Amino acid sequence: MFECMKKEGLKMNQYVLDLLIITNSKADELELATEILDETIRAKSKPSNLAFYTLLCGFARKSDIDYLCQIIETCKQKNIIMQEEGFIMILQALADSGHGQHIKRMEKVMHQYGFFMDDLSSKRLGRKVRVGGTDIGPFVAGELQNAAKQCAESMDVFSKTVESLLLKHGKGITERQFQLARVADCAIDIYAMVSILSRASRAVRLSLPSANQEVLMSQIWCKEASNRVQRNVHRIDSVAFNEHYRRMAVVAKTISERQGVAHQNPLEVN
C-alpha cells in the first residue's frame, strides 16, 4: 500500500496515516492497522492518541490481551505514553465485547502508569459484563442458594437503576414520584428477601423444627419478590410506562389546581 502511494506521488502525512489506522482498526483489520502504525513509527512520526487507542480497542475486542499489553509496552519504549482516557476506552471495549474477565489484568497495567479506577467506575464495568456482582451465597444456607442468587440479582439491577435515575435527573428526582414509588417497592422487596433469608438460614443452622417450612417459605417469597423487582425496574425504564406516568401527572395537577375534578356531572347536574 505504501509503495503504491509512493509511486503515485502521494504524500504520507500524519492525517492520512491516522485515518488509515482508525478505519482499519474499526473494521477489525488489525494486522493492516498495526503495519501502518509500524510505518508511522519508522517514519519518525507519532500517531494521534485517538488512532493509537482505537487500534488497542480492536485488540481488546478480539480478546488478544497478551499482544495488546505487548504493544503498550513497545510504544512506551518509543515514547508513546498511554493516557487515562486510552485505558478507559480499552476497558469499555472489553466490557462491550463480553471479555470482562480481562478487566482486572488491564487495571494492573493501568496501575503501572499511575492510573487507578475508582470503586464506582469499577462496579459499573463489573455490572455491565456481569462480573464482580453481589454475592450473598456465603451467608445463606445451602438449601437457599438459588433464592440468594435471585436476591443478589435484584440488588444489582436495583443499584444500576437507582444510579441511572440519579445521573439522569439529579436533584429533580424528587419530582419523579411515580418512579420513586417503584424504587420504594423494589427496596421493600429486597429488604424483605434479605430478612427472610437470614431468618431461614438461622433456622437451618440451629436445626429448628420449623426449618423446612421456613426454607420453603423463603424460596417462594424470593421467587415472587424478585419477579416484582424485575417488573418494577422495567416500569421505571419503560418509555410506555413513563408516558403513562406523565399523563397521570397532568391529571393530578389539573385536579390540584381546580381543587376537585375538572369534568362535569354526566347528567350536567351540579
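What you're looking at is a predicted model, where local features need pLDDT of at least 70, side-chain atom pairs count only at pLDDT 80 or more, and totals for chains, interfaces and linings use all residues. Residues are numbered from 1 along each chain as its sequence is written, and side-chain values use heavy atoms, with hydrogens and water left out.

**The overall picture**

- The protein has twelve helices and zero strands; helices here are DSSP runs of H or I with at least four residues, strands are runs of E with at least two, and both are numbered from the N terminus.
- Read from the N terminus, the elements go α-α-α-α-α-α-α-α-α-α-α-α.
- Of the 270 residues, 36% are buried, where buried means under 20% relative accessible area, exposed means over 50%, and partly exposed is in between (1.4 Å probe, protein chains only).
- Take the contacts (heavy atoms within 4.5 Å) between residues at least 6 apart in sequence: 65% of them join residues at least 24 apart.

**Salt bridges**

- Side chains of opposite charge can pair when their charged atoms come close.
- The count is five salt bridges, each being a side-chain nitrogen of Lys or Arg within 4 Å of a carboxyl oxygen of Asp or Glu.
- One of them pairs aspartate 189 with arginine 228, with the closest N and O atoms 2.9 Å apart.
- Aspartate 189 sits in helix α10 and arginine 228 in helix α11, so this pair ties together parts that are 39 residues apart in sequence.
- Aspartate 189 is buried at 8% relative accessible area, while arginine 228 is partly exposed at 23%.
- Glutamate 214 and arginine 199 also meet in a salt bridge, at 3.4 Å from N to O.
- This pair links distant parts of the chain too, with glutamate 214 in helix α11 and arginine 199 in helix α10, 15 residues apart.
- Glutamate 214 counts as buried at 13% relative accessibility, whereas arginine 199 counts as exposed at 59%.
- Over in helix α12 (residues 239-258), arginine 246 and glutamate 243 lie three residues apart, about one turn of the helix.
- Their closest N and O atoms are 2.8 Å apart in a salt bridge, and Glu243, Arg246 and Arg247 are linked in a network of salt bridges.
- Arginine 246 is partly exposed at 44%, and glutamate 243 is partly exposed at 31%.

**A patch of negative charge**

- Glu29, Glu31, Glu35 and Asp38 gather in a negative patch on the surface.
- Patches take residues with over 30% relative accessible area and no salt bridge, joining like charges within 9 Å and nonpolar side chains (Val, Leu, Ile, Met, Phe, Trp, Tyr) within 5 Å.
- Lys and Arg count as positive and Asp and Glu as negative, leaving out His and the chain ends; each charge is placed at NZ of Lys, CZ of Arg, CG of Asp or CD of Glu.
- Aspartate 38 belongs to helix α3 (residues 30-42) and is partly exposed at 35% relative accessible area.

**Two more residues to look up**

- Threonine 161 lies in helix α9 (residues 145-169) and is buried at 5% relative accessible area.
- Leaving aside neighbours within four places in sequence, threonine 161 is in contact with Val233, Ile236 and Asp237.
- Serine 207 is in the loop between α10 (177-205) and α11 (211-237), and counts as exposed at 60% relative accessibility.
- The phi of serine 207 is near 55 degrees, a positive value in a residue other than glycine.

Key:
Areas by Shrake-Rupley, 256 points an atom, 1.4 Å probe, with all protein chains shown as cover.
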